[in-house]
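I opened this structure to look up a few things and noted what I found. The entries follow in the order in which I made them.

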Amino acid sequence: MKIALRFRCVRLFLLGVFLICTQQLSAEEAKKVYDLPLDQLANFEVVSASRFKQKSSEAPSSVEVLTAENIRSYGWRTLADALNSIRGVYIRNDRNYTYLGNRGFSRGGDYNSRTLIMIDGRRMNETIFDSGFIAEEFMLDMNLIERIEYIPGTGSSVYGANALLGVVNVITKRGRDIDGVRLGGEAGSLDTYRGRVTFGKQWKNGAELLLNGSHFSSHGNDRLFFPQFSDINGGIAQDMDQERTSRGFGKFSFGDFTLQGGYVDRLKRIPTAAFGAIFNDRDYYSVDSQGYLDLDYLTQINADLGLEIRGFHHWYDYYAITPYDGNEDVDVLDRIINFEGADARWWGGEVKLTGTQFEHHKWVAGVEVQHDGRQHYSGYDITPPSPGFSVHNNGWRVGAYFQDEFRITKSLLLNAGLRLDHHHMLDNLQLNPRIGLIWDITPSFTAKLLYGSAFRAPNVLEHDLNTAKAKPVADEQVKSYEAVAEWYPGGGVKLLGTVFYNDMARVIVQDPATFNSVNAGKFNTLGFELGMEKLWDNGRQLKLTWTHNNTRDLTFNGGGWAYDSPKNMVKAHYAEPLFNNRLRIGFEEIFVDERRTLSDTLAPSYHLFNINLALTKPIYGFQASLGVYNVLDQHFKVVGGPEHNDQGQDTLTMDGREVRFRLEYGF
């Protein structure tokens, strides 16, 4: 069975190679294509890999970039949808939050704390759980996104804590990109609706403003079946999947200054009875609110020296209401209502210099300071009243970094960086290097050898809820090695191959005997990625990737196959412009291999096939799109976390086919 599955992955991948490499163009079309699309593929600029602009082929990473055009072509509804299209990335939703897996590594209940999520280079992971939100709890509507830059692997040498397995930087649009008012609405399956208003403008004096507000609501699946609870309401969770979100975002730029901020408030009812909750009880829900303000000053001191100074203030509030049974061992229900809550406030700033004074060198140096002014986490029973726990923390994070891009020869580039961090949750300083040797073997073929290390400090739960006699929790560490080959043979074609090895040590896990957080986890990942993409000058796109990895858990599993780690992922994307590019149809196929669950069973492999039809050129000011998601109506299963496995749910069944219609009017 496994051999047949691997053969199917190889066969699908090779079919894509054949389609790309055998594509024929007319002479006139080839003349247009062989230059412009190639430049777009090989020479697009990225900023996330090194904190300054550089060609993607010169970045010390196998960077992946998704554009606003990609978002429109494939109808991605959330940041999670977009990230799910990226090689090596997979998504898991537990009907409360959405989680990110990176190259075969995923930990249930980590709230994406091992991936750094940013908006315009600003850290968005909050300071209680280190959550990095990516679905409806994310702060931005998709219409605001200019592009998404994904940097796989370690990023602590540039960004500090949490950049353990990857960095996601979401670049927002500017006021000029909207140029007026846009009113948008969505309606879809499961009683899902969204309303949105966006304003953008650039004035003659250079001032620029972007404003956006939206509200989302979804009734969700009104009848979810959980066989583990068949003795309660027949195992049906009735009207327990509702979700609603309100968002606001604004950005104002004038001269060298940019002021921006955002806010999101989201409520989700939880149908899974996780954490021992009473099944089918409508009082089980969670609420997350997050916001920030950021003032940035960016200027060029002279032709060879740039300066950026910024200050920020963030806040995060969370609470969950959980009804549970106080008489678990008897038949009489003793309904107790529990409150869990957190509130955090943090502020800080950064000073960054970018210089090119020295021949063949481009460098960046900076200092980041963040004060976690309040980190409060508590829990107690409301009815009947009963005391619980309440922990408080605060302290400073300080990081100093330096990165240099040295062109040794015309074809050989050395990118080296180092960052020193102090984190108030740790007793020791963190020093993390990164080095990349980039060789342009030919003008169209580039090879990269990359090494980096990264760390993650314990969050409030891991740091403050252990027993008094427990050993202090230290930092998680990872060392990452990667070889990358990129070939641009012409005709708008890009071919990519990577081999990677991650060595993760001191991973924070829960001791099964004491339930304390301990640095006992150890994981190794060895894998490769193959990718190919072709762009035509009329906007047609064909893209195919295959990721294979072998992630081993050396913690309690004796080096066996790690939990929630698909060994193969194959992803195919095809977008075709129609009727002189007035319409665009996009096809997305995602294959995820079987995964091991916490109870040592298997979650079956699955295919996710999506189709999106979009009106790309306005008609009397109107634009529209129709997306059909999970076309094959597969109720595939994702791996449950520890909070579900304790309830006998080693897997969770996802929804079937969904339809979403969008309409926008601009004036």
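I looked up the sheet: 5 strands form an open one in the order E3-E8-E9-E6-E7, with mixed pairing. Strands here are DSSP runs of type E with at least two residues, helices are runs of H or I with at least four residues, and both are numbered from the N terminus. Two strands count as paired if DSSP finds at least two bridges between them. Strand E3 (64-67) and strand E7 (122-123) stand at the edges with a single partner strand each, so one side of each has no neighbour in the sheet. E3 pairs with E8 in the antiparallel sense over 4 bridges. I noted that Val 65 has Glu 149 in E8 as its bridge partner.

I noted the source: this is a predicted model, where local features need pLDDT of at least 70, side-chain atom pairs count only at pLDDT 80 or more, and totals for chains, interfaces and linings use all residues. Residues are numbered from 1 along each chain as its sequence is written, and side-chain values use heavy atoms, without hydrogens and water.

Next I checked Ser 218, which lies in strand E12 (residues 208-218). Is Ser 218 buried or exposed? Ser 218 is buried, because its relative accessible area is 11% (buried is under 20%, exposed over 50%, partly exposed in between, with a 1.4 Å probe and protein chains only). Its side chain makes a polar contact with the side chain of Thr 192 at 2.8 Å (N or O atoms within 3.5 Å, one able to donate a hydrogen and the other to accept it; residues adjacent in sequence count only if both atoms are side-chain atoms).
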